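Here's a quick tour of a metal site and a few charged pairs. Take a look at the model first, then read on.

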Amino acid sequence: MVLDLSEIYSNWNATEEKTVHPDMDSIKSKMGVFPILKMEPFTLHLTNEENKRLLIRGALDVTISVPCDRCLTEVLTTLHLVIDKSIPIKNSKDAEPDLESEEDDDQLEQLEYMNGCQLDADRLVYEEILFAWPAKVLCKEDCRGICPNCGANLNETDCGCDRTVPDPRMAAFQDVFNKFKEV
Ligand SMILES: [Zn+2]
Ligand SMILES: [Zn+2]
């Protein structure tokens with residue numbers, strides 16, 4: 001969803017509230033594709049601050065399905081996103097040139113969710129989701145993971161594989177022994 005901010009951009013100290021209906025059903029990132037199960041409309045509070053900066057604030061909860069780091073079972077993960085942005089307003093004709101302006105220009109170019117006076121709310125939410133992404137996702141604290149040998153989910157079954165990690169020197173012996181057996 002794209003919001004047109006041209007009015008607030010040109011109105012000294014104006015404030016505005018916009019209801020955002022995010023239009024996303026999944027999150028695609030380097031880590032993969034994750035379905036969004038729940039994301040409700042939320043309110044963005046916009047403030048033109050002295051025609052110098054635009055404040056963008058809001059909060060929302062997003063529920064995403066993310067596989068457990070150990071056993072790959074899908075885990076419902078709710079992220080609480082807090083949007084709190086302050087971006088420079090540079091299109092106002094009567095704004096005083098200030099010393100920070102060059103820095104602000106750089107800053108604006110890095111904002112992929114802003115295109116002139118258009119705010120790409122989906123892009124903004126997307127960035128916030130990546131920012132809030134959990135470092136670790138586990139289906140439960142003591143998840144036992146999957147068997148490296150047969151791939152069974154060890155929370156559900158005990159496959160009976162021997163999972164003791166052998167001493168590397170013993171493993172070399174075992175390899176020789178196995179080869180011997182094959183002959
Ligand atoms: Zn797990
Ligand atoms: Zn196994």
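## The zinc site

The residues that donate to the zinc ion (ligand 1) follow the spacing C-x2-C-x67-C-x3-C along the sequence. They are Cys 68, Cys 71, Cys 139 and Cys 143, each through SG, lying 2.3 Å from the ion. Donors here are N, O and S atoms within 2.8 Å of the metal (3.2 Å for Na, K and Ca), and water is not among the atoms, so sites may look incomplete. The 4 donor atoms subtend angles of 106 to 117°, which makes the arrangement tetrahedral (four donors with all angles between 85 and 135 degrees).

Cys 68 and Cys 143 are both buried, meaning under 20% relative accessible area, with exposed over 50% and partly exposed in between (1.4 Å probe, protein chains only).

## Salt bridges

The whole structure has 5 salt bridges, each a side-chain nitrogen of Lys or Arg within 4 Å of a carboxyl oxygen of Asp or Glu. One of them pairs Glu 16 with Lys 18 at 3.2 Å, N to O; Glu 16 is partly exposed at 23% relative accessibility.

Arg 123 bridges to Glu 112 (3.5 Å, N to O) and also to Glu 127 (3.3 Å, N to O). Glu 112 is exposed, at 54% relative accessible area, while Arg 123 is partly exposed at 26%.

## Ground rules

This is a predicted model: local features need pLDDT of at least 70, side-chain atom pairs count only at pLDDT 80 or more, and totals for chains, interfaces and linings use all residues. Residues are numbered from 1 along each chain as its sequence is written, chains are lettered from A and ligands numbered from 1 in the order in which they are written, and side-chain values use heavy atoms, leaving out hydrogens and water.

Notes:
Four donors count as tetrahedral if all angles lie between 85 and 135 degrees; four count as square planar and six as octahedral if opposite donors are over 155 degrees apart and all others between 65 and 115; anything else is irregular.
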